[in-house]
Amino acid sequence: MYGGGYTGEPEKNQPQAQDDPVLLAEFEAKIDRGEKIEPRDWMPADYRKQLIRMIEQHAHSEIIGALPEGTFITRAPGFKRKMALMAKVQDEIGHGQMLYSAAETLGKTREQMFNDLLSGKSKYSNVFNYPAITWADVTVIGFLIDAAAIVNQVINSKGSYGPYCRALERICYEEAFHLKQGHDAFVALAAGSPMQRQMAQESLNRWWEPIMHFFGPSDKMSVHSERLMRWKVKLASNDDMRQQFLNTYVPKIWELGMTLPDPNLKKNAETKQWEFTEPNWDTFFKVINGDGPCNKERLAVRKWAEEKGRWVRQALINPKEKYTLPYA
Ligand code: COA
C-alpha cells in the first residue's frame, strides 16, 4: 500500500493533510525495530517530503560540488594528480546520479529536481559556493570537505530509508578514496617548501568557517533534526557530527604543524567535547540562501550545461527526430 498520498504518478503525488494514525503507528514501529522503509511501503507524507528535500539537496551538492575541483583538472600539478582529480570529479557526478535515482523513488521527477535547483528553490551544500583559488584549496576540499562528507554520510547510511542508505553505502566506498587523494595532496604541500606550506595554511584559514558550517546550524537552531532523528533519517545531530569531525581531523591537521584560525579551538579534557568559537550563522544563512561568493556562477554553469545538453537528452528519447546542435 502506498503512503502519503502516493499514486505512482509523481505529478499527482501530493502530500495528504493528515496521516492515518494506525498506519503511522505501524510505520513508526517498523522504524523502531530497525527495519528499512522501501519505496512501495506506506509512509507519512512528511517523511516523504523531508526525504525528498534532503536527498535532492544532497544530489545537487554532488553535481555542483564537482565544479570548483573540475576547473583545476588542467592545472593540477603533474599527470598523476590530474588523473586522480579527473576520476574524483567523475565519481562525484556519479554520486549525484545515484542520489537523484534514490529521490525519484519518492515520486519527484529528475526534471522537477533540476528545475528547482536552477530556479534557486532547492538548496545545495554551503561549501560549494566558495571559490577554489589555488591548488591548495583543491587539496583542502579533497581532504577536509570529503572527510566532513564521510562523517555525515556514514551516519546517514544507517538510516531508515532503504534506497538512500544503499546509495550512501556505495558512495562512502568511493569517498574514502577521495579522502586519501585529498590527504596525500595536502600532506605534500604541508611537508613541502615554505611557500607550499604557506599556500596550505592560507587555504585552511579560508575554508575553516565554511567547513564548520557544513554540518548545519547548531542543534538549537536546527529546524528539521528532531523529526528526522525520530524517524531515523538522521542518526546524529548537527552538533554531534561536528564534534565527530573535529575529534578525528583536528589532530591530523595539528600534527602536520598547521594551525586553525580559531584561538578558542580545544578539546575539553573533562567533557571530551571540542570547544570553539561559534561560527557566524548569519554568513551561513546568507550563503545557503543564494548570496554567497559563487552562488550565481555555480548556477550559471549548471544552466549552461542544461541548455547545451538538451539536444542529447531529446535525441536519446526520440532518436529519429532531427536536432539543431548548439554549436552548429
Ligand atoms: N548547506 C546548505 N544548507 C544547509 C546546510 C548546508 N551545509 N546545513 C543545513 N542546511 C539548511 C537545511 O537544508 C535547512 O534549510 P531548509 O529548511 O530550507 O531545507 C536549514 O539549513 C536548517 O538546517 P537543519 O534543520 O539542521 O537541516 P537538516 O536537519 O536537514 O540537517 C544536514 C542538515 C546537511 C545535516 C542534512 O540535511 C544532511 O545530512 N543532508 C544530507 C547530506 C548532504 O546533503 N551533504 C552535503 C553534500 S556532501
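The legends below accompany close-up views of a predicted model.

**View 1. The shell of residues around the ligand.** In this predicted model, 29 residues surround the ligand, and the closest of them are Lys123, Ser222, Val223, His224 and Lys234. By residue class, the shell around the ligand consists of 12 nonpolar, 14 polar and 3 charged residues. At least two shell residues come from each of helix H2 (45-70), helix H5 (135-156), helix H7 (194-214), helix H8 (225-230), helix H9 (238-254) and helix H10 (281-291), and H2 gives the most, with 5 residues.

**View 2. Polar atoms of the protein facing the ligand.** In the side chain of Gln57, an N or O atom is 3.0 Å from an oxygen atom of the ligand. A polar side-chain atom of Asn156 likewise lies 3.0 Å from an oxygen atom of the ligand, whereas for Phe214 a polar backbone atom is 2.9 Å from a nitrogen atom of the ligand. The ligand taken alone exposes 890 Å², and the protein buries 91% of that area.

**View 3. The largest cavity and its lining.** The model contains 1 cavity of 30 Å³ or more, and the space within the largest cavity comes to about 30 Å³. Its lining is made up of Leu51, Asn156, Gly159, Ser160, Tyr161, Tyr164, Cys165, Lys232 and Val233, which divide into 5 nonpolar, 3 polar and 1 charged. Asn156, listed in this lining, is also the residue with a polar side-chain atom 3.0 Å from an oxygen atom of the ligand.

**View 4. The second largest pocket.** This pocket has a volume of about 270 Å³, and the residues lining the pocket are Arg110, Glu111, Phe114, Asn115, Glu306, Arg310, Arg313, Gln314 and Ile317. Helix H4 (110-118) and helix H12 (310-317) each contribute at least two residues to the lining. Grouped by class, the lining of the second largest pocket holds 5 charged residues, together with 2 nonpolar and 2 polar ones.

**View 5. An aromatic pair between Phe27 and Trp42.** The structure holds 16 aromatic pairs, one of which is formed by Phe27 and Trp42 in an edge-to-face arrangement, with 6.1 Å from centre to centre and 75 degrees between the planes. The pair links distant parts of the chain, since Phe27 belongs to helix H1 (residues 21-32) and Trp42 to the loop between H1 and H2, with the two residues 15 residues apart.

Methods:
Residues are numbered from 1 along each chain as its sequence is written. This is a predicted model: local features need pLDDT of at least 70, side-chain atom pairs count only at pLDDT 80 or more; totals for chains, interfaces and linings use all residues. Side-chain values use heavy atoms; hydrogens and water are left out. A residue is near a molecule or strand if one of its heavy atoms lies within 4 Å of it. A polar contact is a pair of N or O atoms within 3.5 Å; within protein, one must be able to donate a hydrogen and the other to accept it, and residues adjacent in sequence count only if both atoms are side-chain atoms. Accessible areas come from the Shrake-Rupley method with a 1.4 Å probe; for residues, only the protein chains shown count as cover. Helices (H or I, at least four residues) and strands (E, at least two) are DSSP runs, numbered from the N terminus. Ala, Val, Leu, Ile, Met, Phe, Trp, Tyr, Cys and Pro count as nonpolar, Asp, Glu, Lys and Arg as charged, and the others, Gly among them, as polar. On a 1 Å grid over the protein atoms alone, a cavity is a set of points where a 1.4 Å probe fits but cannot get out, and a pocket is an open set with protein on both sides within 12 Å along at least five of seven lines; lining residues have an atom within 4 Å of a point. Grid points are joined across faces, edges and corners, and a volume is the space filled by probe spheres set on the points. Rings of Phe, Tyr and Trp (its six-membered ring) pair if their centres lie within 6.5 Å; planes under 30 degrees apart count as stacked, over 60 as edge-to-face and the rest as tilted.
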